[in-house]
Amino acid sequence: MLHLSNKRTMKSISIFIFLLFSITAFSQQGRNFSMWYHNNYQHNPAAVGTNDHNLKAFVNFRYQYFTVSKKPFQTLSASMETKLAESKRSKNHLGLGASIINDMSGDGTYMVNDVNIPVAYHIYFDDYSSISLGVAPGIYQRSILRGNYTWESQWNGYEFNQGADPINLAGANAIRFDIGAGLMYKYESSATNKYYGGFSVRHISQPNIGFIGQDKLKMRFIGQFGMKHRFKLSNFGISPNVLAVFQGPNHDIVYGSNFDFYFRDASTRTIFVTPTHFSVGIYHRYGEGIILNFQYYFQGINIALAYDTNINSMIRTSKSVGAFELAFSYDIIFNKRGKFIY
């Protein structure tokens, strides 16, 4: 890991801000991720700055419920993270990120925006293991286009009067301050041998997001575990991951593994500083669905595609047609002159 000078730190911040504004211009995203492990700090702020290199950009598009609604849910997430203030005498450093989750659903264009700025500090016990503490202040906002709905109070005995104000929704918009915090442990002896585990709490302030009266957002408790392991003298590896989310009476538990096939090893003498490999994975969303994914990693770039099919009580309506998800990430490293290697 490289020590960043003041000049390089300013350059990293400048690039971070530029890319952040570039990607947040078109951000929307679904609430249930199929490939959450590519972007852990959207769940846990302690994960920000655990990327392999100096700067990482991530974009994720999800399209779902084709057969349930006339207007399928179109969703996207986008985020950035960078490393700052690395210690000269140790690998300790600060992680800074920015994340937006925007979920648009239904004919009424019900929209949720979850924007936060995660900050974490990473303390290393040795060259391989570290513990991270993170906090994520942000904004939680939701809205509806009430004109897209038909309300009982608009019925005048003959027809629905769409011009009548159905109920006092005061603009049908709610925006509140929100905050989350988390803890994460990581062990990494190489790019193909790493482990992590974390716990976080979202919506600690339990903001009131009701359009009318009180509707407090319940705290969200999240546990994560994952690993990447390449077997010795082999071009094969495994990458299992587990996510457990609990919020009020609701829960979301996903577990499974990717199976990795390596084509090119990493090298410190060429531009191939990360291994090139193809990966296929299968996951189970407990009691809800099956997820298949295909991924390709090369030169710090990851392109991933997933299909999430449901196996719950919605199967008659959805006809097992679930969600498609496309993810792209770019992990960037600087050389000694502060230029991009990739």
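Let's start at Asn60, which is found in strand S1. Keep in mind that this is a predicted model. Asn60 is buried, since its relative accessible area is 1%, under the 20% cut-off. Along the chain, Asn60 and Thr75 are 15 residues apart, while their C-alpha atoms are 8.4 Å apart in space.

**The salt-bridge network**

- The count of salt bridges comes to eight.
- One of them pairs Glu325 with Arg62, with the closest N and O atoms 2.7 Å apart. Glu325 sits in strand S15 (residues 323-332) and Arg62 in strand S1 (residues 55-64), so this pair ties together parts that are 263 residues apart in sequence. Glu325 and Arg62 are both buried.
- Arg285 and Asp252 also meet through their side chains in a salt bridge, at 3.1 Å from N to O. Here the link runs between distant parts of the chain, with Arg285 in strand S12 and Asp252 in strand S11, 33 residues apart.
- Is Asp252 buried or exposed? Asp252 counts as buried because its relative accessibility is 12%, and buried means under 20%. Arg285 is buried too, with a relative accessible area of 5%.
- Arg285 forms a salt bridge with Asp308 as well, and the closest N and O atoms are 2.9 Å apart. This pair again links distant parts of the chain: Arg285 is in strand S12 and Asp308 in strand S14, 23 residues apart. Both of these residues, Arg285 and Asp308, are buried.
- Put together, salt bridges that share partners join Arg62, Asp252, Arg285, Asp308 and Glu325 into one network.

- In soluble globular proteins, nonpolar side chains tend to be buried together.
- In this model, the largest nonpolar core has 22 residues, and Met35, Trp36, Tyr37 and Tyr283 have the most contacts inside it. Strand S10 (236-247) and strand S14 (301-310) are the elements that give two or more residues to this core.
- Which residues does Trp36 touch, leaving aside its neighbours within four places in sequence? Trp36 is in contact with His43, Tyr196, Asn241, Val242, Leu243, Val254 and Tyr283.

**How the strands pair up**

- S10 and strand S11 (residues 250-264) run antiparallel and are joined by twelve bridges. Asn241, one of the contacts of Trp36, has Gly256 in S11 as its bridge partner.
- The hairpin of S10 and S11 has two residues between the strands, and Gly248 takes a positive phi near 60° there.
- On to the next pairing: S11 and strand S12 (residues 276-285) are antiparallel over ten bridges. For Phe259, the bridge partner in S12 is Val280.

- Tyr296 lies in strand S13. Tyr296 counts as partly exposed because its relative accessibility is 34%, which falls between the 20% and 50% cut-offs.

**His277 and its surroundings**

- His277 has its place in strand S12. With a relative accessibility of 4%, His277 counts as buried.
- What lies in contact with His277, leaving aside neighbours within four places in sequence? The list is Lys228, Asp260, Phe261, Tyr262, Phe263, Gln295, Tyr296 and Tyr297.

**Two loop residues with positive phi**

- His203 has a phi near 55°, a positive value in a residue other than glycine. You'll find His203 in the loop between strand S8 (193-202) and strand S9 (220-230). His203 is buried because its relative accessible area is 2%, under the 20% cut-off.
- Gln299 isn't a glycine either, yet has a positive phi of about 50°. Gln299 lies in the loop between S13 and S14. Gln299 is partly exposed, with a relative accessible area of 24%.

Note on methods:
Residues numbered from 1 in each chain as written. Predicted model: local features only at pLDDT ≥ 70, side-chain atom pairs only at ≥ 80, totals over all residues. Heavy atoms only, no water. Core = buried A, V, L, I, M, F, W, Y, C linked by side-chain atoms within 4.5 Å. Buried < 20%, exposed > 50% of the residue type's maximum accessible area, 1.4 Å probe, protein only. Helix = DSSP H or I, 4+ residues; strand = E, 2+ residues; numbered from the N terminus. Contact = heavy atoms within 4.5 Å. Pairing = 2+ DSSP bridges. Salt bridge = Lys/Arg side-chain N within 4 Å of Asp/Glu carboxyl O.
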